[in-house]
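Here is a short briefing for a first look. Keep the sequence and the 3D view side by side as you read.

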Amino acid sequence: ALSNNAKVGSVFYPGLPHHPSHEIAKKQQSGFGGMLSFELKEGLSGVQNFIEKMTLLPFAGSLGGFESLVGHPYTQSHGIHTPEKKYEIGISEGLIRISAGLENTDDLVEGIKSALD
């Protein structure tokens, strides 16, 4: 769903066949897990719009619970770094991280699509 969305530039998830680590993950893991990231083409303004419109997944600083959460590494986990350092390590203004929890998958996908529209 994210890979085919016009507002999304990149999706980072080893469960996708085109991900550079897909084959390694497939060999090493019994599944691909619920952590994924994607980059919005609109950058920080796109992230702000997405978070404001997201009603199903709360915006949170921790990704360790059983519920689904949305995070923005640029301002949260990597907020202490300079913009240059963030760029160097691949943390863009448009990067969103999702920890998918135990909610219904269809509900999660629909919630994300709605926030992107």
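Does Ala6 count as buried or exposed, and at what relative accessibility? Ala6 counts as exposed, at 61% relative accessibility. Here buried means under 20% relative accessible area, exposed means over 50%, and partly exposed is in between (1.4 Å probe, protein chains only).

This is a predicted model, in which local features need pLDDT of at least 70, side-chain atom pairs count only at pLDDT 80 or more, and totals for chains, interfaces and linings use all residues. Residues are numbered from 1 along each chain as its sequence is written, and side-chain values use heavy atoms, with hydrogens and water left out.

**Around strand 1**

- Ala6 sits in the segment before strand 1. Helices (H or I, at least four residues) and strands (E, at least two) are DSSP runs, numbered from the N terminus.
- Ala6 and Asp117 are 111 residues apart along the chain, and their C-alpha atoms are separated by 9.8 Å.
- Lys41 lies in the loop between strand 2 and helix 2. At 60% relative accessibility, Lys41 counts as exposed.
- Lys41 touches Ala6, Lys7, Val8 and Gly9, leaving out residues up to four places away in sequence. Contact means heavy atoms within 4.5 Å.
- From Lys41 to Tyr87 the separation is 46 residues in sequence and 15 Å in space, C-alpha to C-alpha.

**Aromatic pairs**

- Rings of Phe, Tyr and Trp (its six-membered ring) pair if their centres lie within 6.5 Å; planes under 30 degrees apart count as stacked, over 60 as edge-to-face and the rest as tilted.
- By this rule the count comes to two aromatic pairs.
- Tyr13 and Phe32 form an edge-to-face pair, with 6.4 Å from centre to centre and 65° between the planes.
- Tyr13 lies in the loop between strand 1 (8–12) and helix 1 (22–28), and Phe32 in the loop between helix 1 and strand 2 (35–40), so this pair ties together parts that are 19 residues apart in sequence.
- Tyr13 is buried, with a relative accessible area of 19%. Phe32 counts as partly exposed, at 28% relative accessibility.
- Phe38 and Phe50 also form an edge-to-face pair, at 5.7 Å centre to centre and 80° between the planes.
- Phe38 lies in strand 2 and Phe50 in helix 2 (residues 43–53), so the pair ties together parts that are twelve residues apart in sequence.
- Both Phe38 and Phe50 are buried.

**The loop between strand 1 and helix 1**

- His19 has its place in this loop, between strand 1 and helix 1. His19 is buried, with a relative accessible area of 18%.
- Not counting residues up to four places away in sequence, His19 touches Phe12, Tyr13 and Pro14.
- Pro14 is also in the loop between strand 1 and helix 1. Pro14 is partly exposed, with a relative accessible area of 21%.
- Beyond its neighbours within four places in sequence, Pro14 is in contact with His19, Ser21, His22, Ala25 and Phe32.
- Pro14 and Leu102 are 88 residues apart along the chain, with 19 Å between their C-alpha atoms.

**The loop between strand 3 and helix 3**

- His72 is found in the loop between strand 3 (69–71) and helix 3 (83–89). At 2% relative accessibility, His72 counts as buried.
- Not counting residues up to four places away in sequence, His72 touches Leu44, Val47, Phe59, Ser77, Glu93 and Leu95.
- Tyr74 is found in the loop between strand 3 and helix 3. Tyr74 counts as buried, at 13% relative accessibility.
- Lys86 lies over the face of Tyr74, at 3.7 Å from the ring centre. A charge sits over a ring if NZ of Lys or CZ of Arg is within 6 Å of the ring centre and within 35 degrees of the ring normal.
- With residues up to four places away in sequence not counted, Tyr74 touches Gly79, Pro83, Lys86, Ile91, Ser92 and Glu93.

**The largest pocket**

- The largest pocket has a volume of about 400 Å³. A pocket is an open set of points on a 1 Å grid over the protein atoms alone, where a 1.4 Å probe fits, with protein on both sides within 12 Å along at least five of seven lines; lining residues have an atom within 4 Å of a point.
- Its lining has 18 residues, of which Ala1, Leu2, Leu36, Val109 and Ile112 lie nearest the pocket centre.
- Helix 4 (residues 105–116) gives the largest share of the lining, six residues.

Note on methods
Points joined across faces, edges and corners; volume = space filled by probe spheres on them.
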